[in-house]
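This report describes selected local features of one structure. The sequence and the model are shown first.

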Amino acid sequence: MPKSHLPRRREIPPTAGLPPRWGDLLPGAGATFARRAADFLGAEAVQLECSGTASLVVALTAMHRLSGRRAVVVPAYTCPLVALAVVHCGLELRLCDLAPGSIDFDAAHLASLCDGDTLAVVPTHLGGRVADVATTKAVAANAGAFVIEDAAQALGARHGGRSVGLGGDAGFFSLAVGKGLTTFEGGLLVARDTTLRREFERTSREIVPFRLGWELKRSFELFGYHLAYRPSLLGVAYGAPLRRALRAGDPVAAVGDDFSPDIPLHTLGRWRRSVGARAFARLPGFLAACTAQAQRRMARLARIPGVDVVDDPAGAEGVWPFFMLRLRDEAARDAALRVLWAAGIGVSRLFIHALPDYGYLQPLLGTAGEGGSDVPNARAFAATMLTVSNSPWLDEATFERICTQLAAAA
Ligand SMILES: *Cc1c(COP(=O)(O)O)cnc(C)c1O
């Protein structure tokens with residue numbers, strides 16, 4: 001077997017996940033998880049769900065019951081699970097283009113998508129960056145629509161000193177593997193207004209059952225994560241399947257974008273809550289260390305000609321699981337990836353396509369998929385962007401190697 005087919009001796013994860021500790025696995029702290037999460041966010045209360053997607057399903061279901069409206073506006077470049085959640089709820093998906101080179105909505109396109117049937121708009125804090133919620137709120141308010149902040153990748157990000165997720169009507173965070181603190185899968189749902197919060201709780205009690213099979217599966221997976229989340233074993237657990245998918249020419253499988261339309265809905269069990277609660281104690285310190293590293297490295301990345309680092313607006317303090325870099329064009333981006341993606345040093349892609357371009361989503365998207373050509377900026381973002389891990393395990397020498405390769409490709 002050629003050497004490149006063997007697992008790397010050291011593999012850097014594509015995102016800066018909070019390194020787990022065996023001590024987290026002790027039971028007994030489950031009852032404190034929701035309180036700790038609420039204190040961390042500065043929220044009055046936090047509702048625990050089994051995933052970020054499940055949190056969105058609960059929020060949309062509750063909001064639909066309140067207003068009867070049916071259309072949900074999401075960014076044309078986001079996690080396919082967001083689209084699947086809307087479809088799962090039997091609601092109508094509307095895809096909004098991004099502003100050029102930005103994670104924010106194109107404001108004019110957003111305005112054209114909001115009308116008397118718009119239930120909710122979902123601004124998204126992609127990759128830990130802080131999105132412009134204020135503009136979205138103004139447009140949504142005009143149409144009488146709710147705003148749900150997708151902060152799945154932004155636990156710990158703040159704007160004006162307040163956590164993201166608390167600026168709109170509702171917000172959710174993901175505790176999935178690869179997004180920071182993890183219960184293998186999990187979600188935090190917040191709402192500012194007490195009435196809405198009650199409705200979320202009521203909806204959750206109605207549509208989210210305890211399911212022993214899922215809880216056992218997730219518990220085993222969480223244990224396996226504690227075993228494998230280290231540079232010496234990630235080559236087997238993460239790197240080998242990645243390189244296999246890349247060799248097969250399947251980038252969607254390589255980044256795990258090939259989601260099933262069946263969205264599991266079940267409660268988050270007590271033991272996994274306990275694991276999350278114990279891990280929370282280390283999160284602020286870990287995020288601060290990641291931010292410090294990101295600030296140094298962002299300055300270095302920004303000096304590379306032809307490379308643009310996606311940054312935060314003034315007054316915002318995002319989190320830094322990875323850097324999102326935009327290269328001059330798709331050819332330059334792909335040239336960089338040819339050298340770096342399979343190298344096991346934390347360079348990857350986020351979502352492969354704009355939503356209309358996933359073959360498996362097409363039958364589910366309905367009319368939202370047909371207007372695919374109307375989202376050129378989302379497509380350009382997907383085609384020119386790559387990610388560089390901000391994991392503390394990525395050492396200076398390797399980071400420099402990445403910078404050199406990026407400069408050569410750009
Ligand atoms: C991962 C993700 C979700 C879904 O969260 P899960 O916990 O994986 O269900 C939603 N939106 C974005 C932007 C995401 O990255």
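## Helix α3 and its cover

The cover over the buried residues of α3 includes α2, β2 (71-75), β3 (92-96), β5 (146-150) and α13 (362-365). Helices here are DSSP runs of H or I with at least four residues, strands are E runs of at least two, and both are numbered from the N terminus. The residues of α3 that count as buried are Pro80, Val82, Ala83, Leu84, Ala85 and Val86. Buried means under 20% relative accessible area, exposed means over 50%, and partly exposed lies in between, with a 1.4 Å probe and protein chains only. After α3 comes Gly90, with a positive phi near 75 degrees.

This is a predicted model, in which local features need pLDDT of at least 70, side-chain atom pairs count only at pLDDT 80 or more, and totals for chains, interfaces and linings use all residues. Residues are numbered from 1 along each chain as its sequence is written, and side-chain values use heavy atoms, with hydrogens and water left out.

Two packed helices are described by the angle between their axes and the distance between the axes. For α2 and helix α3 (residues 80-88), the axes come within 9 Å and cross at roughly 35 degrees. Axes are lines fitted to C-alpha atoms, for helices over the stretch in contact, and angles run from 0 to 180 degrees between N-to-C directions. The crossing of α2 with α3 is right-handed. A crossing is right-handed if the near helix is turned clockwise from the far one by less than a right angle, and left-handed if anticlockwise. On the α2 side the contact involves Thr53, Leu56, Val57 and Leu60, and on the α3 side Leu81, Val82, Ala85, Val86 and His88. Contact means heavy atoms within 4.5 Å. Sorted by class, this contact of α2 with α3 holds 7 nonpolar, 2 polar and no charged residues. Nonpolar covers Ala, Val, Leu, Ile, Met, Phe, Trp, Tyr, Cys and Pro, charged covers Asp, Glu, Lys and Arg, and the others, Gly among them, are polar.

Helix α2 (residues 52-67) also packs with helix α6 (residues 194-207): their axes come within 9 Å and cross at roughly 110 degrees. That angle makes α2 roughly perpendicular to α6. The classes are roughly parallel under 35 degrees, roughly antiparallel over 145, roughly perpendicular from 65 to 115, and oblique for the rest. The α2/α6 crossing is right-handed. Val57, Val58, Ala59, Thr61, Ala62, Met63, Arg65 and Leu66 of α2 contact Leu196, Glu199, Phe200, Thr203, Ser204, Glu206 and Ile207 of α6. By class, the contact of α2 with α6 has 9 nonpolar, 3 polar and 3 charged residues.

## Buried arginines

Arg197 is part of helix α6 and counts as buried, at 11% relative accessibility. Apart from neighbours within four places in sequence, Arg197 contacts Glu44, Ala45, Gln47, Ala191 and Arg192.

Arg129 sits in the loop between β4 (118-121) and α5 (133-143). Arg129 is buried, with a relative accessible area of 1%. Not counting residues up to four places away in sequence, Arg129 touches Ile103, Val310, Asp311, Asp312, Gly318, Val319, Trp320 and Met324.

Ile12 belongs to the segment before α1 (33-41) and is buried, at 5% relative accessible area. Ile12 and Leu394 are 382 residues apart in sequence, yet their C-alpha atoms are 6.3 Å apart. Leaving out residues up to four places away in sequence, Ile12 touches Tyr238, Gly344, Ile345, Gly346, Ser389, Ser391, Trp393 and Leu394.

Most residues other than glycine have a negative phi. Phe184, not a glycine, has a positive phi of about 70 degrees. Phe184 lies in the loop between β8 (170-174) and β9 (187-191) and is buried at 19% relative accessibility. Gly306, in the loop between α11 (283-302) and β10 (307-309), is partly exposed at 23%. Beyond residues up to four places away in sequence, Gly306 touches Arg326, Leu327, Arg328 and Ala410.

## Cysteines

The whole structure has 0 disulfides, a disulfide being a pair of cysteine sulfur atoms within 2.5 Å. The closest cysteine sulfur to that of Cys114 belongs to Cys96, 7.8 Å away, which is too far for a bond. Cys290 is in no disulfide either, with the nearest cysteine sulfur, in Cys403, 17 Å away. Cys114 is buried at 14% relative accessibility, and Cys290 is buried at 4%.
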